[in-house]
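Please look over the sequence and the model below before reading on. The paragraphs after them go from the whole chain to single contacts.

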Amino acid sequence: MAATMELRCWGGDWGLPSVHTESLIVLAYAKFSGATITVTPIDWTWKTLTGTVPELVYQGSTITEPAQILNFLRKQRFNADYELSARQGADTMAYIALLEEKLRPALLHTFWVDAENYANLTRPWFASRSPFPLNFLVPGRHANTALSRILLTKGESPLHTITEVEGKIYSEAKECLNLLSHRLGMAYYFFGNTPCSLDAFVFGFVAPLHKASLPSSPLQSHLRQLDNLQRFCDHILNAHFSSHPGETRSPQPVQETVDANLQKLTQLVNKESNLIEKMDDNLRSSPQHKPLRADPRPSLGNDKSSTPA
């Protein structure tokens, strides 16, 4: 009997199996490739052996970072990219690099640097899932790491402060979303009829932005205009995560659902029938007048209203 693969990651909320981009990438790829993993949501990152998540544990070995975990799953013959051509494989690498360079800085800023979002959404969420006294330390640690990463990658001269960098990173992120939307088109996935690693990466980056209730986010407002990317995220959630931990609703049996819908439809028909009968009675008892409507044959020469001023 094969040993169980355990994935340690941040837990789910907002209708997502995880609120963490890297964890979402690995979770989605595992679903796409058919890998059976045991998901263990953690409360704080220092609980893991390496101090980072996601973390895959298998036969005493520990693998971190989405790219390394995906490579390990491929070696275990869980490969979601086996049908891709060489060109599609190259495009996959290019788009993943685009996500890292253009979209990640804006996501880090949106969730960890923007003061309103951090105070009202991000910090309370991570603090509530960290034990005392780490609930005071974990959010701030992530926020400082995010700010340092943004300034390190985007703070080149003459841009030095986060305020000066902000406009640039959001402009590039919107351009990235536009490119992804154009490439996806009306398809369910980026290459063919089955999802691959690119779909996992795009889902991990875009889904939190799509589902989170952000008080302030120009990037989320831009995503709202790209219907196909929103539909892409919703389709993956419905097709592959219909019973993920982030959902609290349990599915009903098919027959019960059909009976409930039939009952609602019957009630609606009865209400409509009663409404039609009342309207018919009112019409019969009310005085009849000639309807007021315009002459269907308007005059060509005597209509003064048609004469231009």
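Residues are numbered from 1 along each chain as its sequence is written, and side-chain values use heavy atoms, with hydrogens and water left out.

The chain has 309 residues, and 41% of them count as buried, meaning under 20% relative accessible area with a 1.4 Å probe and protein chains only. Of the contacts (heavy atoms within 4.5 Å) with a separation of 6 or more, 71% join residues 24 or more positions apart.

Confidence is given as pLDDT, the predictor's confidence in each residue, from 0 to 100. Its mean over the chain is 79, with 73% of residues at 70 or more. Helix α7 (residues 197–211) has the highest confidence, at 97, and helix α10 (residues 254–285) the lowest, at a mean of 44. Residues 244–262 have pLDDT below 50, and this stretch makes 11 contacts in the model beyond near neighbours in sequence. Residues 268–273 are also below 50, with zero contacts of that kind. Where pLDDT is low, the predicted coordinates should not be read in detail.

Helix α7 packs against helix α1 (residues 21–33) at an angle of about 140°, with the axes 8 Å apart. Axes are lines fitted to C-alpha atoms, for helices over the stretch in contact, and angles run from 0 to 180 degrees between N-to-C directions. The angle makes α1 oblique to α7, the class left once under 35 degrees (roughly parallel), over 145 (roughly antiparallel) and 65 to 115 (roughly perpendicular) are set aside. Among the residues making the contact are Leu24, Ile25 and Phe32 of α1 and Phe201, Phe205 and Pro208 of α7.

Helix α7 also holds His210. Is His210 buried or exposed? His210 is buried, at a relative accessible area of 10%. Beyond neighbours within four places in sequence, His210 contacts Gln220, Leu223, Arg224, Gln230, Cys233 and Asp234.

Conventions. Predicted model: local features only at pLDDT ≥ 70, side-chain atom pairs only at ≥ 80, totals over all residues. Buried < 20%, exposed > 50% of the residue type's maximum accessible area, 1.4 Å probe, protein only. Helix = DSSP H or I, 4+ residues; strand = E, 2+ residues; numbered from the N terminus.
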